[in-house]
Amino acid sequence: MFPHSRRRRAAAFTALASVIGLTAACSADSGESNDDGVMAGDITVLTWRTDLLEDGTLDGYKAEFEKKYPDITVEFEGITDYEGEVRTRMNTEDYGDVLGIPGTITPEQLPDFFEPLGTTEELAKEYRFINDKSYDGNGYGIAVVGNAQGLVYNTKVWAEAGVTDLPTSPEEFLDALDAIATTTDAIPLYTNYAANWPVTQWDAHRGSITADEEFNRSLPEDDAPWSEGKDLYVIDSLLWDAVEGGYIEEDPTTTDWEASKGMLGSGKIATMALGSWAIGQMQDAADDPADIGYMPFPNQVDGTFHSIIGGDYNQAINVHSEHKEEARAWIDWFNAESGYAESQGGLSPLLDGDMPETLADFEALGDDLVYLEQLPAEPGKETLVTDIDNAAEIGLQKEIYRKALIDAARGQTDETKDEFFDDLNTRWAEARADVMS
Amino acid sequence: MTSTRELAQPPARPLLKKKSALLTSRRRRTGWGWRGTPYVFLALPVLLLVLFTYVPVANMFWYSLTDWDGLDKTKTFVGIDNYVSVFTRPELFRVFFVSLYYFAASFIQMALALYFATILSFSTRFRNLFKGILFFPYLVNGVAIGFIFLYFFRPDGTLDALLDIVGLGDLSRPWLGDRDVVNFSLASTSIWRYMGLNFVLFLGAIQSIPNQLYEAAELDGANRWQQFRFIIAPGIKPIIGLSFILAISGSLAVFEIPFIMTGGSNGSETFVIQTVNSAFKFSKVGLASAMAVVLLAIVLVITWIQRKLVPEEKVNLT
């Protein structure tokens with residue numbers, strides 16, 4: 001009952017927003033044309049990379065950009081609690097000219113807050129990863145960098161434990177963890193539980209287990225996604241078994257993310273489940289960058305590994321911005337010329353971008369590894385997964401249920417693995433019935 | 001002119017009994033300003049209060065009647081639906097069990113505060129230094145405290161090292177990782193943090209007791225314990241009552257310490273953490289507002305009951 005009325009309202013708003021957008025664009029155009037179409041003005045870019053703001057990297061980009069567009073001045077605003085703060089600020093009109101789209105914005109809300117950057121077809125000619133932030137045939141954001149999903153590991157420790165071949169199934173992976181636990185002093189698998197977000201990295205593998213690029217389309221049709229053999233079951237079951245087997249850190253509640261980077265490099269930690277963005281950071285923290293390896297999720301379909309690829313934060317233009325063209329110039333320049341994606345060791349958002357050196361391990365697998373991108377939701381069904389997930393209060397991309405899973409698996413509650421997954425299935429099915437009705 | 005002023009002022013005191021006559025004469029002299037002045041001084045703080053407290057609270061009531069997700073441009077009125085779901089989901093209230101740990105801790109906290117306040121109310125050497133030391137934790141930023149104690153409680157951290165030194169190393173356990181002790185660890189952090197505030201409240205109250213009472217008691221041969229029992233304790237009864245109310249509402253609304261240290265995981269979730277999660281993790285601002293309103297109501301009801309059971313008495317020490 002709700003989703004219907006909500007969708008209709010959203011459609012009305014889309015129409016309204018596009019009308020406003022058009023008139024705004026027109027007036028902006030007429031204003032600019034007096035200056036022979038020269039782009040000028042101040043733009044504010046909201047950034048979640050406070051580290052790059054502090055070390056001056058972003059100032060370098062600013063200087064380069066302003067050299068090309070002398071009349072535009074770029075100003076950065078670094079925000080530490082990016083997700084929470086920007087979402088709240090979006091209730092006003094003042095949320096910068098260019099910003100990364102917060103993860104909790106549902107697709108149907110995109111037209112209310114962001115300027116369309118073009119139809120998805122147009123964008124797809126130039127960019128990858130545009131499905132994520134598109135709605136109703138329009139793209140609203142372009143990823144600054146793309147990630148491939150896998151697990152970072154210390155090659156020395158794994159070799160010391162006698163594991164030389166990449167595990168091809170969860171069972172082999174658990175055997176490898178066991179070998180590491182018995183023959184080395186390293187923590188076989190570090191969860192980084194206390195930092196919250198690292199446990200959400202497991203979720204990124206959904207779709208790769210069954211090599212299904214339509215996984216997110218079929219998820220809202222499924223009443224029991226945590227049943228044996230299905231993606232979420234395989235992923236969470238691997239985590240459960242690793243925890244239950246005692247292959248994780250002694251006390252997950254007091255882990256330290258910053259310290260974990262160095263510990264992986266020095267061989268105190270053997271493995272962590274993190275996206276490819278982390279490879280560069282791990283190599284920086286290691287004594288010898290060559291010790292850091294990257295492996296796909298231990299699961300094969302027809303003899304090949306699959307790694308999900310997708311965009312990181314997407315840059316978008318504030319629909320209330322007075323400098324939309326200048327903002328667009330920044331986004332285009334940032335993606336095509338800044339070299340940000342390469343410097344981060346990530347996948348370029350451009351279709352013709354090269355594979356980064358950090359993914360050499362994946363490249364070496366050749367045909368044994370297939371990159372898999374999820375297809376966008378069908379029109380009108382963009383928000384289903386989020387709606388069901390929120391209604392069930394499970395939080396696929398939030399830390400809550402996976403932290404509870406880790407606690408249950410290490411015996412802090414009386415729940416068994418089956419009970420835990422049954423509970424998830426029940427909640428999902430109930431929420432689904434609610435949302436679909 | 002001068003003569004009238006001289007006449008009006010010096011005799012003012014002896015003439016206090018004729019209050020009304022005096023007031024009218026003053027009123028006439030300064031016009032409406034005399035009556036209006038206090039309101040001018042009140043206007044700014046009240047305006048700020050309205051702006052930053054009452055308007056947001058009113059908004060919260062309104063949100064609690066909608067299905068707002070915190071961002072949507074439209075807020076659909078759903079009546080009392082959110083309240084119905086708050087009261088039909090027992091798991092939302094199960095977390096109040098965690099509050100019991102903090103409630104019990106608040107008694108230890110008050111006892112300690114009272115103990116220190118009593119000791120330092122007698123003339124003790126370096127008493128100002130000790131006052132500072134005891135109050136200091138309350139001044140430290142809550143986030144910093146969270147991190148300090150995260151290191152304190154981690155395996156082989158400060159606490160384990162301390163236990164090793166005194167030969168109790170066997171007691172070591174994952175202080176935050178073990179569900180049986182996590183709430184004790186967090187509640188004792190809370191004691192450490194808030195004891196200073198109680199201490200200062202008690203000390204202030206104790207020092208307002210006239211000195212002659214102690215002297216008289218000493219002449220009558222009362223020892224320190226008797227002085228505490230019959231002078232100090234009854235003398236600061238209202239403050240103890242206030243601290244008790246603060247302890248109840250505080251333990252129902254625990255947030256900062258568990259949120260920073262465990263994020264509410266491993267059985268340390270409190271009602272406020274749950275509210276924050278509903279609002280910002282699951283985009284249910286409507287439901288979260290309803291939960292906040294319910295918490296407010298619970299605190300008000302408990303305070304009212306407490307005031308009924310233990311009515312405020314006028315303290316008369318003489």
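In chain B, what share of the contacts with a separation of 6 or more comes from residues 24 or more positions apart? The last legend has the number. This is a predicted model, where local features need pLDDT of at least 70, side-chain atom pairs count only at pLDDT 80 or more, and totals for chains, interfaces and linings use all residues. Residues are numbered from 1 along each chain as its sequence is written, while chains are lettered from A and ligands numbered from 1 in the order in which they are written.

**View 1. Strand β1 of chain A next to β2.** Here β1(A), residues 41-47, runs parallel to β2(A), residues 72-78, and seven bridges join the two. Strands are DSSP runs of E, at least two residues long, numbered from the N terminus; helices are runs of H or I, at least four. Look for A:L46, whose bridge partner in β2(A) is A:E77. Five of the seven residues of β1(A) are buried, meaning 20 or more other C-beta atoms lie within 10 Å of a residue's own, with C-beta atoms placed from the backbone.

**View 2. An open sheet in chain A.** Three strands line up antiparallel as β4-β6-β5. Pairing takes at least two DSSP bridges between strands, and β5(A) has two with β6(A), residues 138-139. A:S134 sits opposite A:G139.

**View 3. Chain B, helices and no strands.** This chain has 16 helices and zero strands. Of its 318 residues, 29% count as buried. As for the opening question, the share is 70%, a contact being two C-beta atoms, placed from the backbone, within 7 Å.

How values were computed
Buried ≥ 20, exposed ≤ 12 C-beta atoms within 10 Å, placed from the backbone.
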